[in-house]
Structure formats: C-alpha cells, structure tokens
Amino acid sequence: MKRTLIILLFFSNLIWAQTNSGTTYYKDKYGKVEVENGPYMLKITKINDSITGHVFSRTKDQQKIWTKSYLGEQPYGSWTKYDKKGKVEMTTDYNFALKYGEYMPEKAIRFSELGITIESDPNTQKIQRHIVNQFRYPEMAQEERIQGKVTVQFTIDENGDIGNLRILEGVHISLDTECFRIMDSLKKLDPYEKDGKKVMVHYTMPITFRLA
C-alpha cells in the first residue's frame, strides 16, 4: 500500500506539472526526462477551463503495458494492466467520482432525519457561501449554451470531514466536473449530532448553471 501511494504521488506531481492539452513522451515514469518518442506517454485533454483529463500510459516494444487516467488529480476511469500478448490482465474502475446514482454508507443518516430545517442549518449557509465564492461557469459550457442543475451528494462525518463525494444527477461533463471541483475544495464542516451523539450525515446540494 505504501509503495502504491508513493507511485500515485509521482503521477500526481507529473500531472500537475502539465497544464496544456496535448501529448508528451518521457524516458522515465517520473516525467523528468522529456523525449520525442519515449516509453511513457502523457495525454492531456481539456474538459473545461478548470478541469483537465489525463491519461498516463507505459509501452514496451510497441506493446502497451498499462494505462492510468485522472480527472484533474483524481484517479478516474479505468486503470488497465496488459499481459505480454496485449490482452487485458487487470482493470480497476475509478469512475466513482462522477458515476450518477446514490451511494449512502450504512452508518450514515439522511439530513432530514436530524429534525432541523435547511434554513436554520449553519452548514448549509457555509456550503452556499462556498459555492458562491468558488463558482465558475465553464467557458466551454457557455460557448455551447449548456445549462442545468447538477445535484451533488456527499457525507459529513462525525469529525465534520466531507467524503463520498459524487454526482447524483448530472447535466454534462463540463458542468459535472466543475461541481465536483467546487465541492472537493470544501474540506471541513461542523459535525452533526442526534440524540446527543455525533453522527455521519448524508447530504445533497443542487448547483444551478443558468445562462442569461
């Protein structure tokens, strides 16, 4: 596990060092030596003006060995490892970030079960202020006249930490990824209590994109 985390950090550093769309080849897996046509390839695609998609792959003797993809710095899509014959040997699915559909941990309770109103909830006010401060309408979505309401779901645990962030109802990847970015930058809220005990709460928040 420790070795895996170290490798992920190397990939994350490589990804954040690249900001422009395009394809770059490297001699080494750490992205220190850029070459014209090397065994390591990083392909960057701009999804919107604040989110980029990255696919990092390794080839040997013109045979692909593995591919790893990221959405921003978040592992995303399918990470695939190939055998010596080029057949898929192992696949890990990281599509959880934008996979539409509700996910609620067993120990989490819904916000409605707390017996408080949204209007009187300090956390809701904090979330709304955070959205206003962080909100950016992706240029690509504006150009294509894409608008709508994206519903984000997440949990607030007993320490006030936010987790299990997903898109419950999406509109378009440009808007969905922007909402994910906004909420992913909100790290801490006040923990909730029920019957005198701190509890994990399942929360949903709509974010609306509307063009004039």
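Is Tyr203 buried or exposed? I found Tyr203 at 3% relative accessibility, so it counts as buried; buried means under 20% relative accessible area, exposed over 50%, and partly exposed in between, with a 1.4 Å probe and protein chains only.

Before going on, I noted that this is a predicted model, in which local features need pLDDT of at least 70 and side-chain atom pairs count only at pLDDT 80 or more, while totals for chains, interfaces and linings use all residues. I also noted that residues are numbered from 1 along each chain as its sequence is written, and that side-chain values use heavy atoms, with hydrogens and water left out.

**Entry: the whole chain.** I looked up the elements and found four helices and 14 strands in the protein chain, where helices (H or I, at least four residues) and strands (E, at least two) are DSSP runs numbered from the N terminus. Of the 212 residues in the protein chain, 39% are buried. I then turned to contacts, meaning heavy atoms within 4.5 Å: among those in the protein chain with a separation of 6 or more, 55% are between residues 24 or more positions apart.

**Entry: aromatic rings.** I looked up ring pairs and found nine aromatic pairs in the structure; rings of Phe, Tyr and Trp (its six-membered ring) pair if their centres lie within 6.5 Å, and planes under 30 degrees apart count as stacked, over 60 as edge-to-face and the rest as tilted. One of them joins Tyr40 and Phe56, whose ring centres are 6.2 Å apart with planes at 20°, so this pair is stacked. Tyr40 lies in strand S3 (residues 40-46) and Phe56 in strand S4 (residues 52-60), so the pair ties together parts that are 16 residues apart in sequence. Both Tyr40 and Phe56 are buried.

Because Phe111 lies in the loop between strand S9 (109-110) and H2, and Tyr203 in strand S14, the pair ties together parts that are 92 residues apart in sequence. Phe111 is buried too, with a relative accessible area of 11%. I also wrote down that ring pairs link Phe111, Phe154, Tyr192 and Tyr203 into a cluster.

**Entry: helix H2.** Which residues of H2 are buried? I listed Asn123, Thr124, Ile127, His130 and Ile131. They cover an arc of only 125° around the axis, which puts them on the same side of H2; the arc is that of the directions from the helix axis to the C-beta atoms. On the other side of H2, Val132 and Asn133 are exposed. The cover over the buried residues of H2 includes strand S10 (148-156), helix H4 (173-184), strand S12 (192-194) and strand S14 (201-209).

**Entry: Leu189.** I located Leu189 in the loop between H4 and S12, and at 4% relative accessibility Leu189 counts as buried. Leaving aside residues up to four places away in sequence, Leu189 touches Asn123, Lys126, Ile127, Ile156, Asn159, Gly160 and Ile162. Leu189 and Ile162 are 27 residues apart in sequence, and their C-alpha atoms are 7.4 Å apart in space.

**Entry: backbone angles.** Most residues other than glycine have a negative phi. I noted Gln62, not a glycine, with a positive phi of about 65°, in the loop between S4 and strand S5 (63-71).
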